[in-house]
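Biologist: I would like to learn how to read a structure such as this one, step by step. Could we begin with the place where two chains come together?

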Amino acid sequence: MTMALEMNKLDTNKKVGLFLVSAIVLAVLPFVVGGLLGNSWLRIIDFALLYVMLALGLNIVVGFAGLLDLGFIAFYAVGAYTFALLGSPHFDIHLPFYITIPLGALVAAFFGILLGTPVLRLKGDYLAIVTLGFGEIVRIFMNNLNAPINITNGPQGINLIDPVKIGGLSFGKPLEIAGHSFNSVYLYYYFFLALTVLVVIMAWRLQHSRIGRAWVAMREDSIAAAAMGLNIRNIKLLAFSLGALSGGVAGGLFASFQGFISPESFGLLESVMILAMIVLGGMGHIPGVILGAVVLTVAPEVLRDVIGPLQMHTFGRMLIDPENARMLIFGLALVIMMLLRPEGMWPSKRRKAEFDDAKKG
Amino acid sequence: MAHALLKIEGINKRFGGLHALNNVGLTINKGEIYGLIGPNGAGKTTLFNVLTGLYQPDEGTFTFDGQDLFRAKPHVVVGTGIARTFQNIRLFGEMTALENVMVGRHIRSKANALGAILRDKKTMAEEKAIEAKAWELLAYVGITDVAFERARNLSYGHQRRLEIARALATEPKLLALDEPAAGMNPSETEDLKVLMEKIRKDGVTVLLIEHDVKLMMGLCDRIAVLDYGKKIAEGVPEVVRKDPKVIEAYLGAAHA
């Protein structure tokens, strides 16, 4: 015990150092990316932060509690629509973000319980199919709730959503400081980063708590967990609602960032991508999940920029349509990755040991 | 007069056409080691699952420590004070031994999600207490040296002990052990016997299923015998072992 404690003390210096370095990197990142590569790349970084929040939310459900959810994007949609309906000319309601974002998160959490309740008895493939259906139902509702009363504006979506405003500062307009103009992607970057940090802290603290232990126990053996006095129903619903909560926050941010949402943004492919981020990164391991979300957001965009010119350069003409080639390479990369490293890019020690044991047989 | 801790009457449980428990009734007194024996398929584990809330009985009454537990959910049963182990050990394999015992503290602790996220003083103090209690229980069953090992990597004997520690973490009044000596060698069985005596001395009533009849005779205060879902005998070991119905159930009619 004392040995372990001393080791921890030694590590503290390293941890502080690591913290400072990452804080500085994250603080100057937008200027480096925005300055060297342009605002469109910074926009991609902003999106990566949204996906980090989504992936961390889904990770609570899939990674911690072991409940396979293929309809997670529904909570993103719920958060986004809550924000949009309460902050746009559509109903001419303009509530500030500090009301709409928490409200969107709560509504999403409520939908989490709504999904969780009927599926309490299901697990594995059966659960996956029901959640898949749930995700589609939410999307189809958004698509069709324009008649008889127009609530969601149907497939046209909701336009002119209010940007985030803090005091007199609107995130919708470029910021002028000392003659330099900073695009709104800069402001959103810091705003998203702050909330991402909050979501990371929330997920990490939950994992290392009585609740987190209960999730792992349930994932490992739900019958033994029940026999040890865990209320399986409550623990499952808690996982669904807390996961949905992060999804709802990301959804509200997405709505204000884009200024426009439509049901198209919340399809099945999005749910699958978020799940892929978790699996590829390292299921249940927060740093791995963050890495997975960043890589899977940025890599396709890099491919988009590289593939066209590369073909022109090597073959002198376009052999494959760049958009197709991009998805082809991306898909292939996922397959190869899963074959070579099924535990993910950055798995937790526990999960790595699990896979190592499996390899040994 | 002994004080009844657990009392069931007229318990029936059917699986399709199989009448797994047929009108079973028994009383376990506070502070005793109560044994449950019977040939394979007699319904011992089914009865165990009924007593711990994993199975819902079809009919009957079930009271424990003055509370009605008929068809109660497992977590309610554990909350009232019944904890169990499993015949085919069911630990949380990827968790460490320490974490396994900490899970057992779940029902005796309160921290909710908000407390976990905010890490207020009360939550942190509770978390510390959970860990301290878990260490204490690992020491109690004598496996502190493997506290940080994953449960699935422990030796068989250690796994059995860990399961008992995890069950004790729920602060049971009745500890139900399903064949704890299965697969153990004589010296391990002897250690187990010492542990069970210690648990009983510390005020926990013990319910025990076991095949090792010799162990049961030396350890239990009273024994019930199940055969084809029916209780065919109950009493002190010396009487039960001479009961012709018991001998018949175990060895066949010719020996009776």
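Modeller: Buried area is the accessible area, taken with a 1.4 Å probe, that two parts lose on being put together, summed over both. Here the area buried between chain A and chain B is about 3000 Å², and carbon and sulfur atoms give 63% of that area. Arg210(A), Arg213(A) and Met228(A) supply 28% of the area that chain A buries against chain B, which is more than any other three residues. In terms of contact (heavy atoms within 4.5 Å), 31 residues of chain A meet 37 residues of chain B.

Biologist: Where do these values and labels come from?

Modeller: This is a predicted model, in which local features need pLDDT of at least 70 and side-chain atom pairs count only at pLDDT 80 or more, whereas totals for chains, interfaces and linings use all residues. Residues are numbered from 1 along each chain as its sequence is written, chains are lettered from A and ligands numbered from 1 in the order in which they are written, and side-chain values use heavy atoms, with hydrogens and water left out.

Biologist: How many salt bridges are there between chain A and chain B?

Modeller: A salt bridge is a side-chain nitrogen of Lys or Arg within 4 Å of a carboxyl oxygen of Asp or Glu. The count between chain A and chain B is two, and one of the salt bridges joins Asp221(A) to Arg90(B), with the closest N and O atoms 2.8 Å apart.

Biologist: Is Ser184(A) buried or exposed?

Modeller: Buried means under 20% relative accessible area, exposed means over 50%, and partly exposed lies in between, using a 1.4 Å probe and protein chains only. Ser184(A) has 16% relative accessibility and therefore counts as buried. This residue lies in helix α6 (residues 184-207) of chain A, a helix being a DSSP run of H or I with at least four residues, a strand a run of E with at least two, both numbered from the N terminus. Leaving aside neighbours within four places in sequence, Ser184(A) is in contact with Phe171(A), Gly172(A), Lys173(A) and Pro174(A).

Biologist: And how should I read Phe91(A)?

Modeller: Phe91(A) is found in the loop between β1 (87-88) and β2 (93-94) of chain A, and its relative accessible area of 38% makes it partly exposed. Not counting residues up to four places away in sequence, Phe91(A) touches Leu85(A), Asn150(A) and Ile151(A). The C-alpha atoms of Phe91(A) and Thr152(A) are separated by 9.9 Å, although the two residues are 61 residues apart along the chain.
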